[in-house]
Amino acid sequence: MECEPIISANAYFYDVLGIMETFAQMNNDDDYETKMKFEKEALKTAFNNEFLVEISNTKHKWYQSQTATVQALQFGMVPENDIENVVNGLAHDIVEVKDGHHSTGIHGNRYIYTVLSKYGKADLAYQILTTPEFPSQTYVMNSGFTTWPERQFEWEKMEGPTNSLNHPMHSGFAAYFYESLGGVKSSGFSPGYKIFVVNPEFPSAISTTEVDVPTPYGAIRNEWNYNNGKLSMNLKVPFNTEAKVIVTQSELESFKINGKSLEEFKEQHSFKITEDAVIVGSGDYQITYLKN
């Protein structure tokens with residue numbers, strides 16, 4: 001077993017407490033919101049005291065398995081000043097210990113690719129996804145399956161099938177194609193893609209992607225390509241929704257919509273600029289900027 005259940009269970013419980021805190025906010029229940037915040041912080045402190053450890057002979061830290069480390073990063077449990085060390089600890093285990101492979105199962109597979117991409121390890125995420133050797137998702141696909149098997153085995157060494165050969169929940173890693181490569185993700189504060197985030201996070205091996213995401217408001221479409229430091233996106237924002245295009249301050253300086261600078265575009269269109277994003281309403285946009 002790659003991850004001790006007590007660690008992953010506490011990580012999931014922390015995430016649930018956050019959901020309950022959101023429910024309390026939606027219902028204007030200040031007392032319950034305060035209670036959930038208190039329990040979250042208490043659990044976060046105990047979780048890090050108990051499970052966050054240093055990796056011998058390195059300056060890195062992790063939560064004793066790839067799965068638990070990915071969960072802690074995904075759910076926001078890692079102390080701010082330890083994030084870099086923990087990300088490097090995860091990468092260290094993948095590269096140095098597991099020889100360039102994931103060792104996650106159903107609970108870690110969903111997040112390991114998106115988490116690595118989010119924290120600047122997009123090339124590593126792509127590497128462990130596409131390596132043809134066992135274990136990897138590509139290894140499974142190259143084994144001739146038309147459904148997703150429950151267990152990860154070296155199938156050529158097996159005498160016959162074992163366990164379920166149709167476990168679609170194991171395909172949760174496919175969110176990576178939409179959220180990281182496609183760059184489209186529902187916002188936590190406005191679910192159902194009423195407001196969605198656009199932020200392609202891609203490896204150096206990929207320079208173009210097309211993605212369609214069906215929503216209750218219509219399809220979101222993002223077609224992007226990257227060439228010589230310039231990211232170009234053809235973005236379709238459905239009716240009655242908003243897209244939050246994530247950019248840094250330096251990227252904002254070169255940001256253009258439909259061939260116009262932001263100053264020129266705002267003369268005839270309404271949009272918002274925050275410290276980390278340009279927010280546009282429904283419509284079809286051609287967006288370009290120099291990507292850091």
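Analyst: Before we begin with the sheet, one term is needed: two strands are said to pair if DSSP finds at least two bridges between them. Please also keep in mind that this is a predicted model.

User: Ok, so in what order do the strands of the open sheet come?
Analyst: The open sheet is formed by 5 strands, which follow the order E3-E4-E8-E12-E11, and their pairing is mixed.

User: Which strands stand at the edges?
Analyst: Those are strand E3, covering 184-186, and strand E11, covering 271-274; each has a single partner strand, so one side of each is left without a neighbour in the sheet. On average, neighbouring strands of this sheet are turned by 25° against each other, if direction is ignored.

User: And E8 with E12, is that pair parallel or antiparallel?
Analyst: Strand E8 (residues 242-246) and strand E12 (residues 277-280) pair in the antiparallel sense, and 4 bridges connect them. Within this part of the sheet, Val245 stands opposite Val278 in E12. As background, strands of a sheet pair through backbone hydrogen bonds, and they can do so either parallel or antiparallel.

User: Switching to helices: how do H5 and H6 cross?
Analyst: Their axes come within 7 Å and cross at roughly 155°. Because angles over 145 degrees count as roughly antiparallel, H5 is described as roughly antiparallel to H6.

User: Which residues make that contact?
Analyst: On the H5 side they are Ile112, Tyr113, Leu116 and Ser117, while H6 contributes Ala122, Leu124, Ala125, Ile128 and Leu129. Sorted by class, the contact of H5 with H6 has 8 nonpolar residues, 1 polar residue and no charged ones.

User: What about the loops, where does Asn28 lie?
Analyst: Asn28 lies in the loop between helix H1 (5-26) and helix H2 (30-51), and its phi is near 55°, a positive value in a residue other than glycine. Asn28 counts as exposed because its relative accessibility is 66%, and the cut-off for that word is over 50%.

User: What is phi for Asp99?
Analyst: The phi of Asp99 is near 55°, again a positive value in a residue other than glycine. Asp99 is located in the loop between helix H4 (83-97) and helix H5 (106-118), and with a relative accessible area of 63% Asp99 is exposed.

User: Where's the cis peptide bond?
Analyst: A cis peptide bond joins Phe134 and Pro135, with omega at about -5°. Pro135 is found in the loop between helix H6 (122-130) and helix H7 (137-142).

User: Last topic, how many salt bridges are there?
Analyst: The count comes to 12 salt bridges. In general, side chains of opposite charge can pair when their charged atoms come close. One of the salt bridges is between Lys98 and Asp93, at 2.8 Å from N to O.

Conventions
Residues are numbered from 1 along each chain as its sequence is written. This is a predicted model: local features need pLDDT of at least 70, side-chain atom pairs count only at pLDDT 80 or more; totals for chains, interfaces and linings use all residues. Side-chain values use heavy atoms; hydrogens and water are left out. Helices (H or I, at least four residues) and strands (E, at least two) are DSSP runs, numbered from the N terminus. Buried means under 20% relative accessible area, exposed over 50%, partly exposed in between (1.4 Å probe, protein chains only). Axes are lines fitted to C-alpha atoms, for helices over the stretch in contact, and angles run from 0 to 180 degrees between N-to-C directions. Angles under 35 degrees count as roughly parallel, over 145 as roughly antiparallel, 65 to 115 as roughly perpendicular and the rest as oblique. Contact means heavy atoms within 4.5 Å. Ala, Val, Leu, Ile, Met, Phe, Trp, Tyr, Cys and Pro count as nonpolar, Asp, Glu, Lys and Arg as charged, and the others, Gly among them, as polar. A salt bridge is a side-chain nitrogen of Lys or Arg within 4 Å of a carboxyl oxygen of Asp or Glu.
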